[in-house]
Amino acid sequence: MSKRRWPAAVCALVTAAAAIAVATPAQAANPIITSIYTADPAPLVVGNTMYIYAGRDEAPTGGTNFVMREWHVLSSTDAATWTDQGAKANIATFPWAGADAWAGEVEPRNGKYYWYTSVNGNGAGWMNIGVAVGDSPLGPFTDAKGGPLISDSTANSSGLNIDPTVFVDDDGQAYMYWGGYWGPRAVRLASNMIDTVGSVVTPTGLTNYWEAPWMFKRNGLYYMMYAANDTGGCVTNSNYACQRYATATNPMGPWTHRGIVLGQVSSTTNHAGVVEFNGQWYIVYHNANAPGGGNFRRSVAVDRLYFNADGTIQQVVQTTTGPPPNPGGGGGGSGTNLGPSATASTSYVSAWENLSAINNGGTPANSQDRSNLAYGNWPQQGTQWIEYQWPAARSINKSSVYWFDDNQGIDLPASCALQYWNGSQYVAVTGQSTCGVAGNVENVITFNAVNTTRLRLQITSRSGYSTGVLEWKAFQS
């Protein structure tokens, strides 16, 4: 079958030249790497770096099957210029395995990085899911369990146990989805991340599911993206696949189908992952567009992904140029924006405005932009506040705010300041840079890192006016 979700590199040189190319940055373009072929990209953001974990395609020209023996890690600090950090795991990482380094995903927890992979156990049955663990995003990675986490002997396993996607919720509970041959499966994981808890279930609502699930959460809503191969608007030929998605209010479903995220690509397989980086959402996927590429010589591409105001996803525009550089800093914050995972509250919101505007992931065109909702507190004047709260403490050292100005009763503020909850009261963050009040820009505020469950932005109005916000971000340190 296929593999899923991993960075794709691309190129025809897979010998000594590939080794020379390791750790050499590639300029912005799609595919993002052309020194080798890779596929099934899985993105992860750690600090100011986006990583993509991918299996390497090694099939010869004209090959008619997958040849995959190792996994690579690609990295970027701006989502546009990428470096192949080399092979960080291979089939030998799992002594019980013998072939097929297929799709996987890395999930951090408790200072460790757990790499869930599809690999042939070389015994009874076919594909299994293994787990490797490392102390950093680049490893080194070693077998964490000494045997498969999921195999054909697992009760209610999929017809093809491939393509694990792992998600840790805000309450600390971890979940894994996987499966091919139209057989999605889900199970809870133990806190040690290498054992399952409870029974394997068959999730419902994943319309036309084929393989390659990818799970994430935004604004309290769970999203499941997956490969489908139906001809009902998905693909022109069922040998190919698109990426559909569904949403749920519970991590185990039931799911409601919402539409297509990514249309048919140039390779028969279609495997993708989604991540937010420096305030912008991205989709990583593979295609056959690299020189000498094909269905078994695939390459990773990266493009921007956008949400509508109601939380639905706009279909991705595939490009050959890739996204523009997004290094964070003055144009936003580096690291992961924690705003979408927070519960927002405020001292006051106008009946005709919307508090959900502040963390819905919108990208304002200017301070008068109402296309993606707006928060405003007219007719209140003086000092008002908006606040984020998380179910568990978060480490935060940067924030940014895009002000709303309707050229009527809501104007740019006179001043602003950040506070955090120290366990008993709100206090000012220390080392705070200027809290900017400029219009038509993302005003970035840096400060000494705080570990807190609540962050509050105090906003003081100009005389005779109220204030408003189009987007407020809080960045993980």
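A residue is called buried when its relative accessible area is under 20%, exposed when over 50% and partly exposed in between, with a 1.4 Å probe and protein chains only. The views below show a predicted model, in which local features need pLDDT of at least 70 and side-chain atom pairs count only at pLDDT 80 or more, whereas totals for chains, interfaces and linings use all residues. Residues are numbered from 1 along each chain as its sequence is written, and side-chain values use heavy atoms, with hydrogens and water left out.

**View 1. A disulfide joins Cys416 to Cys435.** The structure holds two disulfides, a disulfide being a pair of cysteine sulfur atoms within 2.5 Å. In the link shown here the S to S distance is 1.8 Å, and the angle of -115° about the S-S bond makes the link of Cys416 and Cys435 left-handed. Cys416 belongs to strand 24 (residues 415–421), while Cys435 is found in the loop between strand 25 (426–428) and strand 26 (443–460), so the pair ties together parts that are 19 residues apart in sequence. Strands are DSSP runs (E, at least two residues), numbered from the N terminus. Cys416 and Cys435 are both buried.

**View 2. A disulfide joins Cys234 to Cys242.** The S to S distance in this link is 2.1 Å, and with -120° about the S-S bond the link of Cys234 and Cys242 is left-handed. Cys234 counts as buried because its relative accessibility is 6%, and Cys242 counts as buried because its relative accessibility is 0%. When the bonded cysteines of the protein chain are numbered in sequence order, the pairing reads 1-2, 3-4.

**View 3. Four strands form an open sheet in the order 6-7-8-9.** The pairing in this sheet is antiparallel, where two strands pair if DSSP finds at least two bridges between them. At the edges lie strand 6 (104–109) and strand 9 (142–143), each of which pairs on one side only. Strand 7 (residues 112–120) meets strand 8 (residues 127–134) in the antiparallel sense over eight bridges, and Thr117 has Gly130, in strand 8, as its bridge partner.

**View 4. Another open sheet of four strands has the order 14-15-16-17.** Here, too, the pairing is antiparallel, and the edge strands, strand 14 (209–218) and strand 17 (256–262), each pair on one side only. Between strand 16 (residues 242–248) and strand 17 there are five bridges, in the antiparallel sense, and Ala246 stands opposite His257 in strand 17.

**View 5. Trp102 and Trp126 form an aromatic pair.** The structure holds 25 aromatic pairs (rings of Phe, Tyr and Trp, its six-membered ring, with centres within 6.5 Å; planes under 30 degrees apart count as stacked, over 60 as edge-to-face and the rest as tilted). The pair of Trp102 and Trp126 is edge-to-face, at 5.6 Å centre to centre with 75° between the planes. Trp102 lies in the loop between strand 5 (82–90) and strand 6, and Trp126 in the loop between strand 7 and strand 8, so that the pair links distant parts of the chain, 24 residues apart. Trp102, at 3% relative accessibility, counts as buried, whereas Trp126, at 31%, counts as partly exposed.

**View 6. Tyr388 and Trp390 form an edge-to-face pair.** The ring centres of Tyr388 and Trp390 are 6.0 Å apart and their planes stand at 65°, so the pair is edge-to-face. Tyr388 and Trp390 are both buried.
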